[in-house]
Amino acid sequence: MKRTEDDIVLKLLHTADWHLGRRFPRFGIEAGKTLSRARRDVLERIFLEAERSQVDAVLCAGDLFDTPQPDEDFKSALLQVLTRLKWKNRPVFLLPGNHDPLVAESVWREPSFRKALPDFVHVVDQELLEVALPNDCVLFAVPCLSRAGQRDPTALIPLRADGDTRVRVGLVHGSTFDAGDWKTNFPISKDAALERGLDYLAIGDTHGFRFVPPDRKVPPTIYPGTPEQTAFDEQDAGNVALVFINRSRQAMVQKRAVGQWKWEELTVKSMEELRLLAMRTDLAARVLRLTLELRVTAPEYQEVETILGKLQGSASTHARVGVLELDRERLRLDLTNLDALSAGLPPVLQAAAKRLKVQSEDPAQRAAAERALFHLFSLAKAS
Amino acid sequence: MRFSKLQIENFMAIVSAELELGPGLNVLYGPNDLGKSTLGVALRAALLLPTTSATASEYVPWQQPVSPVVTLTFLTDEAKHWRVVKRFTENDATLSFSKDGKEFSVDSHERAVDEKLRKLLGWGITSPGGRGGPRGMPESFIANALLAAQTDVEGILRDGLVKDPDTGGKLKLTEALSALAQDPLVRHVLDAAQKEHEQHFTVTGRRKSGLNAPLTQASEAVKKLTDELVSLQHTLSQSVALEEDAKRLHDLWLDAQQKVEVAEQSLKRAQAGLKRSSEKQVAEQKLAAEQQALAQVDVLAARVQVLEADIAANALEVKTQEAALQSAQQAAKAAALAVREAEEVHRKASSADGEAERAVARATLKEELAKHSVSRAELTSRLEKAKAAARVADELKKLNDTRKKLNEQLGPARTQLAEATEEAAMAGALMNYGQWRTASEVAQSAEKWRSEAKTVRADALSKSTTALKVQQNAKTLEDEIAARRETLPDDKARGALAKLRRDIDLAEAALGGGVTVVVKPRSPLLLRSTADENSVEEKKVAKELSIEADRRVQLSIGDLVDIEVVTGAAEKRKDAEHLRKKWKTDALPAFERAGVRTLSELDEVFTELSEQLERVKTLRATALQSEREAETLRDRAKMLDEKAAGTPSTEQLDEKRAAIGYPLEALEKLFAGLGSQWESQARPLNELKSAALTQASKLAASLEGDLKLTDARLADLSEKAPGTVEDVTQLTQSLETLERSLEKGAERLKQLEQEGTGAKKQTEARLEQAQQQLAQLETAVNVASDALNAARATQSARQGERDGTAAQLKAAHREAVAARVEAAKKQLATFADVEVLTAEQFTARERSVELTRVTAEQARHDFANAEGALSKVGGPQAREQVRQLEEAVLVAKAREQLIEVDAAAWRLLVEAVREAEKEDSSSLGSALAVPVTQRFAELTKGRYPSVKFDAALQLSGIEGTQSEKDELLNVLSVGTRDHLATLVRLAIALQLQSTIVLDDHLVHSDVTRLAWFREALANTAAKTQVVVLTCRPLDYVSEAALPIAGAMKDAEGTRVIDLAKVIKRR
């Protein structure tokens, strides 16, 4: 079927799982803050994309805050982004998810927050919101009212009545249908869009962009995923969905990247690989979990330390990697040429090196002894 | 270490001695045998020998057996004074400590004194009494080196450190010497490693736990994350428990709903059953009525039968009577004919004799014939009677058989009836018992409900009270807030104040920042200056004064002039001034009212108030919640009470119990056998027994009715049965004989008529006879006629009765009645499945339905609560957070591990280098070699440049070939070896910074060496205390230095003590 721009009756930007206010305790305080800030910064790019694509509405499908009562910083960050927009005919729908459910003490019920939201922003704060969109289109939105529940939120969306030819769009938040034990996480029937007579079902919860079920494109049910990745194991995160629906009520979905941070797990097994890593230029906006799994000579060990120092940064130098998590447990010092290395050292230091080598053969002391040897050679060399 | 004071009493030959020592060189001189060496012994004993040692007895003065006492005061540091007092041969030793050398406090006693001393000295002497501990005066290399008696000079060199029982001395010496021994690179490595090591570890080797220690921070991070994780895991486990709970409660709810459904259906059935059961009763009554009607009809039919039989029998009687009458009439007729003939004969006879005779003969024959006729009539009648009698007998026999059969049936029927009656009574009693038991149980439950209701009410009351209290708290707080709010400006005023503040700030900012006024007076003047509002100072300005301010500088020069320098444009200043004034008038009074000093304080007050308002809200919500809970509880209590109220009273129960009417024990057993489903079994049983009873009684009644009828009939027939019964056969034969004789008579008569004779007399007689016979026969006719009439009357009465009964029977329409009975039976059969319920049972069932409903409602409520709780906890998020934190903990632990490894690495490095040093034999030897070799070279004027000592400080370590060594050893004179030993000792003392006691060590010296040694001693004494015991003081000091007046003189940095003046000998 030929599609032209004229066919399009509804353009939507569908995003979800911002998780504003999420903490990243594994990376420590500073890096954690950086990543928390990244979730704030991505909002600008999401709304810029909406503006650039001239969408009719923006659907934000839940888990926009990481908790129902986020810190003031994150509330004001969202308000700041939204109040700068000055939109008139482009509504933004904010849907409470299971992380930020519409409970009494939730931010969504906070009068000051609500009052500060611009007019074009609508919080889905009733069991079922039905609202008309341009060109005889209609949106049905069902929020999460609690942190957990066994109810399928789409069950509240009325079935398509005979003769109803409107474009019907659903907006809900819930867990994947194929998940086994997450029964209390608002399970959504995988055929909900078909059953309810929806032309597009916008959902949120999973952090990677995907069609549900993967092989069905019409009518599409989409997880846009989180716009800024939150964990290493998330596939295809960092996107929003642009949705175009034509007169025949057929929806076409485009994935648009908005995230800046890439999460990468890398295992380095040779000096060459480590040197290549050191030369990479794409590390600034990267969360890198680096595992060193190599055996190096003492001079190489020194080089490893130097490279790691550059990657990690110090009080005086910038870190090359945005956020670095280092696993160096399997970094080994090659001790086969110890005698050659210690030649020329004073006898006491030679004896100390030998003693440390013996200690390194004890698995319990290996790491410390190797490191002591490294220090010994570094100090001796530096002097 | 150095000595400051030595006191001796009764020690060997010395009665008493007291001397104070200087910090540098101390030359203690006196003639031989004064007891110089005794001082050295006393010093060693004070420091090293336990008072109870066997050796101590050597110190007891031989002239006087008293305990020798030595008191030694020494310093281990400038502020650490120690005083040891030992009374030898007794267990009496005291060690005291002082910071200033004046105020001493006891540190230890007796045995502990030596232990402490050895620890303080660290000379490689094991603790007293320990394994390998020396018996006499303990020896160690350092002790010998520092305090040696000069008797065995070479011993110092010979023994070295090797023989020291304790490694402490070696270690101390090693450490002290290590600085000298180290290669610069080793020192660099060790210093750097030590520095890093100290980041992690304290001096004593323990891990640092201060806030800034690297590991502390990492561990804190791990701990914080772990704590958080534990708390979250707790939440998660709660969540999991909640999930399980919710699932369980959901199942319970479903189950309860199902039960309600079942109970409601059962109730519905019971309602239908209640209606149907009344219909069934009607049907049963109808059936009974119809059956009764049928029985009545059957009684009628039987009666008709009996009557029919009766009538048939009577008909025979009538016929017999009729036949008899006919016979009689015929006989009478014949007799009348005979009379007429006799009259004729007589008339003839009267007329003619022959004729008369014949007539007589004929008359006689006719008479005979008439007689036969009569006989025949009689016989016929008798035959008929006999036949009838035979029939009656037959009937009677049949009736008797019937009766017998009936009687046979009636016996078992009566037994059956009695049994059925008994069983029905028991079944009824069982029902009653069951109902009574159920009612009792319900009544017991009611007690429980009542008590539960009471508990629940109490809970509700407590909740209400809590709610009220919280409400009151909320109110109090609210009142407080309101009162506080009174004192505060309203939002508008507050906004205005904020704006004003901003305006002021802006206005002041607009005035621009900073002005510097430089005053350069031509001549000095007194200047008072004010910078902005704050600083006012008056000072004399001679040359130049620079005053700096943000906005305003005021200068006053005496009474001469006031100068004011103000920044900013005049207009802006005015604005600022105006605003500041406005601030004073507007803001300050408001602040005063509010009891604050600044706008930010006011803001804080507002924040605090809004927080309190939140708290009020929370309190209100809590109160409402509590009240709601109380309401729920009260409802529950009410429901329980209502439930309890519906149960039967004790009186009712007693009545029920009384109504059972059967031994309870038997019923109880039976009841127990039935179990909980007793009613479903007892009820049909009861019905079965009742039906059996009805049937048995009906059967018995019917049999008895039949028996009665039979009896009546028997009585009737017996009455009718003739007394004697003639033999029918015989009668028939007689009758046949008679008939034949009648035929013969008729033939004879014909003959006679043919003969025709008669006589008048005969005829008259015959006539008379005939007339008599006629009269007899007429009487017989009358009798027969009467009998016939009677029989007919009886017959018609019977027929009348029969007709009446038959008419009744016909009118009763037996077929119809039987059909009705069948119909009624069929209808009754349609009620076979109907459960018959009493009103009480029905009510009980209603109550049970209500109970299941309440249970279901409670289950729904519980499930809703659980789901609510779960929805708050949020299982999935908790799981996710736990996962994140688990990862974080792992990462933090890895970080901690890295730091630990690094700390361990530095520790290992320090240890390894130290150990290597310790083991490095050259270290110690070369350490001593430097000072010793240098001084040895000076001493021997460079003759033995290669002399060195090995690690054990043994002289045998001299470098060179064996011949060189031998040569050296040979060459070294006794004096030289002494000097060499002294040099070693001095070197050790210098390195240890410890006192050295030299006892006449220079006896073998020449003048050159003496001079050299004096210098060496002076150099050593500049750094550590040296005590020289000598009889030749001038080897060490000039004559001028010797004390003249007193016992002691300090000169040239040396203390000289004349021992002769301080030692009192015996």
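Mentor: Start inside one helix. B:Lys223 and B:Asp227 sit four residues apart in helix H7 of chain B, so about one helical turn separates them. Their side chains form a salt bridge, with the closest N and O atoms 3.0 Å apart. Keep in mind that this is a predicted model. B:Lys223 has a relative accessible area of 46%, which makes this residue partly exposed. B:Asp227 is partly exposed too, at 40%. Why can such a pair form? Side chains of opposite charge can pair when their charged atoms come close.

B:Glu822 is partly exposed, at 43% relative accessibility. B:Lys825 is partly exposed as well, with 39%.

Some salt bridges share partners. One network built this way joins A:Arg26, A:Asp233, A:Arg289, A:Glu293, A:Glu325, A:Asp327, A:Arg330, B:Arg883 and B:Glu887. Members come from chain A and from chain B.

Look at one link in that network. The side chains of A:Arg26 and A:Glu325 meet in a salt bridge, at 2.7 Å from N to O. This pair ties together distant parts of the chain, 299 residues apart. A:Arg26 lies in the loop between strand E1 (8–15) and helix H1 (28–52) of chain A. A:Glu325 belongs to strand E15, residues 323–333. Buried or exposed? A:Arg26 counts as buried, at 13% relative accessibility. A:Glu325 is buried too, with 3%.

Now move to the place where the chains touch. Chain B puts 42 residues into the contact, and chain A puts in 38. About 3500 Å² is buried between the two chains. Carbon and sulfur atoms give 65% of that area. On the side of chain B, the residues that lose the most area to chain A are B:Leu185, B:Gln877 and B:Leu908. Together they make up 16% of what that side buries.

Five salt bridges are found between chain B and chain A. One salt bridge joins the side chains of B:Glu228 and A:Arg23, at 2.2 Å from N to O.

Which helices of chain B supply the touching side? Helices H6 (184–200), H7 (214–351), H18 (839–873) and H19 (875–919) each bring at least two residues. H19(B) gives the most, with 25 residues. Sorted by class, the side of chain B that touches chain A has 22 nonpolar, six polar and 14 charged residues.

Step back to the whole structure. Over all chains, the salt bridges number 77. How many disulfides are there? Zero, over all chains. A:Cys60 is buried, at 0% relative accessible area. A:Cys137 also counts as buried, at 2%.

Key:
Residues are numbered from 1 along each chain as its sequence is written. Chains are lettered from A and ligands numbered from 1 in the order in which they are written. This is a predicted model: local features need pLDDT of at least 70, side-chain atom pairs count only at pLDDT 80 or more; totals for chains, interfaces and linings use all residues. Side-chain values use heavy atoms; hydrogens and water are left out. Contact means heavy atoms within 4.5 Å. Buried area is the accessible area (1.4 Å probe) that two parts lose on being put together, summed over both. A salt bridge is a side-chain nitrogen of Lys or Arg within 4 Å of a carboxyl oxygen of Asp or Glu. Ala, Val, Leu, Ile, Met, Phe, Trp, Tyr, Cys and Pro count as nonpolar, Asp, Glu, Lys and Arg as charged, and the others, Gly among them, as polar. Buried means under 20% relative accessible area, exposed over 50%, partly exposed in between (1.4 Å probe, protein chains only). A disulfide is a pair of cysteine sulfur atoms within 2.5 Å.
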